[in-house]
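Hi there,

Here is the structure I promised to pass on to you. Have a look at it first, and then read on for what turned up in it.

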Amino acid sequence: MAAEIVLVRHGRSAHVHAGWIDLQGFHRWREAYEAAGIVAGETPPPELRSVAERAGAVVASDAPRAIESARLLAVDREVITSPLLREMDLPPPALHGWRLPLAGWALAYGFRWILGGMSSRAHASPAEIERAREAARWLIGIAERHGAVVVVTHATFRGLLARALAEEGWPCGARTRRAPHWSAWSFTSEGSGKTGEER
């Protein structure tokens with residue numbers, strides 16, 4: 001059985017916010033979001049549970065929403081956690097004095113993302129890029145020992161980690177089309193599968 005790494009985005013966050021916020025309010029929202037777990041009653045898709053059941057290890061970021069998501073996949077099994085898999089620390093747009101709903105802040109992020117380049121790497125600091133490389137090497141070691149590993153991480157960091165895995169000779173194969181939560185990207189040392197295929 002070829003070693004495999006499956007990168008999964010966590011389930012939906014339990015943190016809910018309504019109303020308009022300024023830059024300081026956005027920082028407070030981000031702190032609350034990072035501290036929250038996943039919404040009550042959240043369930044991963046059955047096909048992803050099957051993948052996790054067959055995996056030799058389940059790994060997660062140390063963020064509560066990632067840990068809780070991983071525990072839903074690794075029922076009665078140990079979840080290995082690591083800060084290496086945390087979300088990238090993307091500073092918000094400097095909209096001093098502006099008050100926007102969260103959707104407005106998301107649009108501002110989106111415009112900045114497009115202007116700065118569409119890849120996670122274009123927005124990552126050298127330290128974040130090196131963290132992704134370290135995480136990739138660590139996960140490859142786990143996969144080589146266990147045959148397959150399911151990794152619960154975050155949307156933006158996953159893109160950076162995918163690039164680091166490809167640089168180590170683990171290109172991305174199958175991807176689910178489920179979005180935005182519980183989507184899964186598969187990487188193998190043999191490069192099997194075709195990008196865009198559904199698991």
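Let's start at the beginning of a helix: Asp 22 caps the N-terminal end of helix 1, with a side-chain oxygen 3.3 Å from the backbone nitrogen of Gln 24. Please keep in mind that this is a predicted model.

Helix 1 covers residues 23-35, which makes 13 residues. From first C-alpha to last it reaches 19 Å, close to the 18 Å expected at 1.5 Å a residue. Which of its residues are buried? They are Leu 23, Gly 25, Phe 26, Trp 29, Arg 30 and Tyr 33. Looking down the axis of helix 1, you would find these buried residues within an arc of 150°, so they line one face of the helix. An α-helix has 3.6 residues a turn, so residues three or four places apart point the same way. On the face of helix 1 turned away from the buried side sit the exposed residues Arg 28, Glu 31 and Ala 35.

Next, some strands. Strand 2 (residues 57-61) pairs with strand 3 (residues 79-82) in the parallel sense, over four bridges. To get from strand 2 to strand 3, the chain passes through helix 3 (residues 64-73), and this β-α-β crossover is right-handed. Within the pair, Ala 60 stands opposite Thr 81.

Ser 82, also in strand 3, is worth a click. Its relative accessibility is 7%, so Ser 82 counts as buried. Ser 82 and Ala 60 are 22 residues apart in sequence, yet their C-alpha atoms are 6.5 Å apart in space. Leaving aside neighbours within four places in sequence, Ser 82 is in contact with Ala 60, Ser 61, Asp 62 and Trp 138. A polar atom of the Ser 82 side chain also lies 3.1 Å from the backbone nitrogen of Leu 84.

Is Arg 65 buried or exposed? At 1% relative accessibility, Arg 65 counts as buried, because the cut-off for buried is under 20%. The Arg 65 side chain makes a polar contact with the side chain of His 154, at 3.2 Å. Beyond four places in sequence, the contacts of Arg 65 include Tyr 33, Glu 34 and Glu 87.

Ser 69 is in helix 3 too, and with 0% relative accessibility it counts as buried. Not counting residues up to four places away in sequence, Ser 69 touches His 10, Gly 11, Ile 38, Val 152 and Trp 182. His 10 and Ile 38 are also among the contacts of Arg 65.

Enjoy exploring!

Technical notes: Residues numbered from 1 in each chain as written. Predicted model: local features only at pLDDT ≥ 70, side-chain atom pairs only at ≥ 80, totals over all residues. Heavy atoms only, no water. Pairing = 2+ DSSP bridges. Helix = DSSP H or I, 4+ residues; strand = E, 2+ residues; numbered from the N terminus. Right-handed = clockwise from strand over helix to strand, strands pointing away. Buried < 20%, exposed > 50% of the residue type's maximum accessible area, 1.4 Å probe, protein only. Contact = heavy atoms within 4.5 Å. Polar contact = N/O pair within 3.5 Å; in protein donor to acceptor, adjacent residues only side chain to side chain. Expected span 1.5 Å × (residues − 1). Arc of directions from axis to C-beta.
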